[in-house]
Every structure is written in structure tokens, then in C-alpha cells.
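Hi,

Here is the structure I promised to send over. Have a look at it first, and then read on for what turned up in it.

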Amino acid sequence: MANTFSPINPPPRLMMGPGPINADPRVLRAMSAQLLGQYDPAFRENMRETQELYRQIFVTQNKQTFLIDGTSRAGIEALLVSMIEPGDKVLVPVFGRFGHLLQEISSRAGAEVVTIETEWGTVFSPEQVEAAILEHRPKFVAICQGDTSTTMCQPLDQIGKICRRHDVIVYVDATASVCGNPLPVDEWQLDAVSVGLQKCLNGPSGSSPITFNERVEAIIKQRWHVEAGIQPKGFVPGTGSRIQSNYLDLAQIMAYWDSGLNHHTEATSMLYGARECARIVLEEGLENSIERHRLGSAAMIAGLQAMGLRLFGDLEHKMFNVTGVYIPQEVNGEAVRRTMLEDFGIEIGTSFGPLIGVIWRIGNMGYNCRKEFILQTISALASTLRLHGMKLPSDGVREAWEVYRAAGQTAS
Ligand SMILES: *Cc1c(COP(=O)(O)O)cnc(C)c1O
């Protein structure tokens with residue numbers, strides 16, 4: 001007999017790492033709705049509504065605001081590969097793992113990439129970025145807002161304006177920061193931004209909302225080449241070079257969203273999910289969502305510090321949704337994570353590159369950024385550290401609880 005295994009039945013877990021997180025059950029329900037044809041007027045209406053919802057998430061008027069089917073990296077790659085023509089110069093300020101990713105994707109797209117680097121756990125000043133622009137005269141700047149590898153949140157309020165002043169196009173990866181940290185795209189003059197659902201947007205990975213303005217649209221339109229089999233009569237391709245990727249060709253995907261020119265089959269269930277993610281945030285209020293993350297971060301910091309643990313990086317510029325904490329010398333970091341996962345059902349994050357074995361990353365994101373889960377995580381971590389032989393000055397629970405009490409959010 002064929003081995004069909006058992007039906008999917010995941011163990012109950014509380015995911016308090018740097019993402020993914022537990023999805024809001026509303027999102028899971030939306031994703032289980034019946035499918036529609038991609039040209040069904042009812043589905044086209046769902047697409048239009050999704051665009052309108054994400055304009056509100058990005059705080060933008062950009063017409064070009066839609067979903068890329070794929071994880072966040074698909075949104076990053078769609079924008080970079082569609083904007084960058086071989087030989088274009090791209091400046092990437094690198095402050096963590098995801099800066100290196102932007103460097104790599106830009107260079108695969110044929111760019112001449114220059115980087116500036118700052119130590120992991122720090123961010124760039126606007127002056128540093130401006131000096132690099134003046135020195136290298138790039139066409140594009142590609143930068144992360146929140147780099148979960150270091151927990152840092154790069155201030156962008158000046159960088160967008162600096163880029164505009166020097167006629168540079170700026171792309172931002174805000175996957176991990178959107179809805180947990182401020183990101184007013186138009187006000188900050190950010191030309192192109194991509195995000196994902198699995199951090200502060202309460203959803204699963206698998207859809208990447210993006211937005212870009214007319215400056216970027218013009219660059220992409222110039223590169224518009226339509227697949228031979230579906231070319232409208234009299235179609236005149238753009239004068240720019242053909243975009244290297246078919247799947248992530250924003251010129252074609254734009255036409256698919258605008259006028260229904262055939263490209264891929266929209267990932268229907270993911271669109272239902274992405275639409276519900278945005279609805280949840282907007283019902284709460286974008287400002288309230290950010291404030292909930294700010295408060296969660298303050299509680300997490302208070303709890304961890306009260307345990308006597310040392311926090312990683314420049315806390316002034318820490319993302320509101322993830323905290324890096326040095327692994328105490330007395331314990332084995334991976335053994336602690338295993339106890340947390342298998343005996344308490346709570347996942348906390350390890351790290352990348354130079355920080356492996358040095359810090360854990362503990363998230364308070366999206367659906368999981370709530371008082372109960374944060375107090376449970378702090379309490380479980382203190383218990384786990386004690387099980388592993390540590391003496392702690394406090395279990396951190398009272399200190400974290402007090403943060404919520406001061407905000408009027410406790411039962412007593
Ligand atoms: C989590 C994260 C991603 C995730 O990309 P996926 O393709 O969805 O795995 C991308 N960028 C940043 C900055 C992140 O923190």
C-alpha cells in the first residue's frame with residue numbers, strides 16, 4: 001500500500017523568533033476560501049481592493065502597488081531586476097545579512113555594486129549615505145529598513161530626501177519592519193519598497209506586497225517587452241533592455257494588474273491571505289499597530305534586562321519587533337533553544353554570520369506581539385535558563401508586566 005503519511009497536524013508552537021510568526025486565524029480562514037478564476041470580475045475586484053488596502057499600509061498614493069507571488073525575496077528581486085540594467089551603478093549600505101542580499105541580487109542583475117558597511121548592531125547616519133552618493137554617483141541606492149539579522153532599524157526619513165536631491169532612485173526592503181515601525185513611503189520620498197507578510201503583517205510567507213512611484217514606473221516601462229504568444233496587435237516594445245527574469249518582470253506584471261494582460265496565474269489563496277492581513281492592520285489602525293510593537297519591545301527589553309541579560313546593538317535604533325540578546329557564557333545557546341521549543345513550545349531565534357552562537361533573537365511580531373505571549377516567553381526563558389543551571393536576579397516577568405501596567409493594559 002502507498003504510504004500516504006498522516007494528515008498535516010503541526011505541533012502547537014508559539015513562534016517568538018525573528019519571523020515567521022503564528023498567523024492570525026482570520027488570515028488562515030481567508031486563505032481557505034474557494035478559488036476563483038483570475039479573470040473572474042469578482043476576483044479582479046479582490047485584486048483592486050488589495051491594491052487599495054496596501055496603498056494604505058504603505059501610506060502612499062502610488063498607483064503601482066500590488067503583490068508579487070513569492071516570498072519577500074521575490075518582491076526584492078522583482079524590483080531590483082526590473083529597475084537595474086546591466087552596468088548601472090548601485091550603492092548598497094550594508095548593516096547586516098539582508099544588505100549583503102541586496103548587494104548579491106543587484107550584482108546578479110548586472111549592476112556595478114558599491115557598498116559601504118557599518119558594524120553589525122549599528123546604523124548609518126544620513127551624512128554617511130550622502131557622502132557615499134557624492135563619491136560614487138550611483139543611479140540607485142538599495143537599502144534595508146529593518147535588518148532582522150542585527151535587529152537594527154535604519155532611519156530613512158532623511159535618506160529618501162537625500163536621494164531625491166541627488167537624483168538617485170532609492171529602493172527599500174521593509175519586509176521585517178512594515179506595520180511594526182513607521183514607514184510613510186510618500187512622506188519619506190522612497191521610490192520603491194517591498195515587504196512580506198510573515199513579520200508584523202500577521203500572515204504566512206508567500207506573498208510580497210510592493211509599491212513604486214512614477215519615477216520607477218518610467219524606468220520599467222522603458223523595458224517593456226511582451227511575450228511573443230500574447231503580444232497585442234501593434235505592440236511596440238520599450239527601447240530599454242529586456243528584463244532578465246520573466247516571472248519577476250515588473251513591466252509585464254504591471255500590465256497584468258492594470259489591464260489583465262496575461263502573465264502568471266495570480267496565487268489566489270495567497271491574495272486572499274494578503275488582503276486579510278492588510279484589513280487586520282488597518283482595522284487596528286496603522287499607528288496602533290506600530291505602538292503595540294513599540295510597547296512589546298519595551299516590555300521585552302525590561303524583562304530581559306531584569307534577568308541580567310545583556311542586549312545586542314544600538315538600542316536607540318532597535319526595531320520595535322525583535323530584540324537581540326547575548327547568549328550567557330554559562331549556557332549552551334542551542335541547548336537552551338531546544339528546551340524552549342520542546343519543553344515549552346516556544347521558538348526563539350538563532351543568528352546569522354558573525355552573530356551565530358553570540359546572540360539569540362527574540363521577536364514580538366504581528367499576531368504574536370501581545371502581552372500574554374511576551375510574558376509567557378519571558379517567563380519560559382527565565383525558567384529555562386534556571387533549568388540550565390543559571391542563577392538570575394529576577395525572572396523578568398514583573399518588570400515586563402509593569403511596562404504593560406503603566407500603559408493601562410494589565411488586568412489589575
Ligand atoms: C525576514 C526578512 C526577509 C524574508 O525574505 P523571505 O524571502 O520572505 O524569506 C527579507 N528581508 C528582510 C530584511 C527580512 O528581515
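Let's start with the ligand, which sits in the largest pocket. Keep in mind as you read that this is a predicted model.

For Thr 71, an N or O atom in the side chain is 2.6 Å from an oxygen atom of the ligand. Thr 148 also has a polar side-chain atom 2.6 Å from a ligand oxygen. As for how covered the ligand is, it would expose 390 Å² if taken alone, and the protein buries 87% of that.

Next, the aromatic rings. Searching the whole structure gives eight aromatic pairs. One to look up is Phe 43 with Tyr 272: the ring centres are 6.4 Å apart and the planes meet at 70°, so this pair counts as edge-to-face. It links distant parts of the chain, since Phe 43 is in helix α2 (residues 41–58) and Tyr 272 is in helix α9 (residues 268–284), 229 residues apart.

Finally, two backbone details:

- Gly 19 and Pro 20 are joined by a cis peptide bond, with omega at about 5°. You'll find Pro 20 in the loop between β1 (14–15) and α1 (25–31).
- Cys 179 is not a glycine, yet it has a positive phi of about 75°. Look for Cys 179 in the loop between β8 (169–173) and β9 (192–194).

Cheers

Terms used. Residues are numbered from 1 along each chain as its sequence is written. This is a predicted model: local features need pLDDT of at least 70, side-chain atom pairs count only at pLDDT 80 or more; totals for chains, interfaces and linings use all residues. Side-chain values use heavy atoms; hydrogens and water are left out. A polar contact is a pair of N or O atoms within 3.5 Å; within protein, one must be able to donate a hydrogen and the other to accept it, and residues adjacent in sequence count only if both atoms are side-chain atoms. Accessible areas come from the Shrake-Rupley method with a 1.4 Å probe; for residues, only the protein chains shown count as cover. On a 1 Å grid over the protein atoms alone, a cavity is a set of points where a 1.4 Å probe fits but cannot get out, and a pocket is an open set with protein on both sides within 12 Å along at least five of seven lines; lining residues have an atom within 4 Å of a point. A molecule sits in a cavity or pocket if more than half of its atoms lie within 2 Å of its grid points. Rings of Phe, Tyr and Trp (its six-membered ring) pair if their centres lie within 6.5 Å; planes under 30 degrees apart count as stacked, over 60 as edge-to-face and the rest as tilted. Helices (H or I, at least four residues) and strands (E, at least two) are DSSP runs, numbered from the N terminus.
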